[in-house]
Amino acid sequence: MTNHLNHVSAISLFVEDVAAAKAFYLDVFGVQVVYEDAVSAALKFDQLIVNLLHTGSAPEIIAPGVVAPRDAGSRFQLSIWVADVDAVCAQLRQRGVTLLAGPVNRPWGMRTANFVDPAGHSWEVAQQLDS
């Protein structure tokens, strides 16, 4: 363990339906469950744990903050860098994922596409474009 603050180890995403969110993540990302209980499922993404936590249990870890409802709008986006965005988008479509935007070339040198999980969390797949 390190004292440096430049390494993200885990994130918690608040979801209304843990089972549906877990099924989506297993199917779309092919990750494995490393822990689960009645209100959460922790999934291993390479060196990052994504914890799907039921919204009813979230106040315990964010108090005095409040859990925003899904329809409040996106507050962040998670990005996965890949070698071929178009190929990944084809795989996503085969898995029943609806793309919201893209693939599109961005002025900052990336080709991107985005979609949301069942709880409305925004995900992006991105590819570095050749200069």
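# Strands, burial and contacts

Mentor: Strand 2 and strand 3 (residues 40–45) run antiparallel and are joined by 5 bridges. This is a predicted model, in which local features need pLDDT of at least 70, side-chain atom pairs count only at pLDDT 80 or more, and totals for chains, interfaces and linings use all residues. Residues are numbered from 1 along each chain as its sequence is written, and side-chain values use heavy atoms, with hydrogens and water left out.

Trainee: What makes strand 2 and strand 3 a pair?

Mentor: Two strands pair if DSSP finds at least two bridges between them. Within the pairing, Tyr35 stands opposite Ala42 in strand 3.

Trainee: Which sheet do these strands belong to, and in what order do they run?

Mentor: An open sheet of 4 strands, ordered 1-4-3-2, with mixed pairing.

Trainee: Why are strand 1 and strand 2 called edge strands?

Mentor: Strand 1 (10–15) and strand 2 (32–37) each pair on one side only. On average, neighbouring strands of this sheet are turned by 20° against each other, direction ignored. The axes behind that angle are lines fitted to C-alpha atoms.

Trainee: How many helices and strands does the chain have?

Mentor: 3 helices and 8 strands. Both are DSSP runs numbered from the N terminus: helices are H or I with at least four residues, strands are E with at least two. From the N terminus on, the order is β-α-β-β-β-α-β-α-β-β-β.

Trainee: Why is Asn114 called buried?

Mentor: Asn114 lies in strand 7 (residues 110–116). Its relative accessible area is 16%. Buried means under 20%, exposed over 50%, partly exposed in between, with a 1.4 Å probe and protein chains only. The value of 16% is under the 20% limit, so Asn114 counts as buried.

Trainee: What makes Ala113 buried?

Mentor: Ala113 is also in strand 7. Its relative accessible area is 1%, under the 20% limit, so Ala113 is buried. Of the 131 residues of the chain, 32% count as buried.

Trainee: Which residues are in contact with Ala113, neighbours within four places in sequence aside?

Mentor: Contact means heavy atoms within 4.5 Å. By that rule the partners of Ala113 include Val85, Cys89, Leu99 and Trp123. Pro103 is another. Ala113 and Pro103 are 10 residues apart in sequence, yet 4.5 Å apart in space, C-alpha to C-alpha.

Trainee: And Asn114, with which residues is it in contact, leaving aside neighbours within four places?

Mentor: Gln77, Leu99, Leu100, Ala101, Ser122, Trp123 and Glu124.

Methods
Axes are lines fitted to C-alpha atoms, for helices over the stretch in contact, and angles run from 0 to 180 degrees between N-to-C directions.
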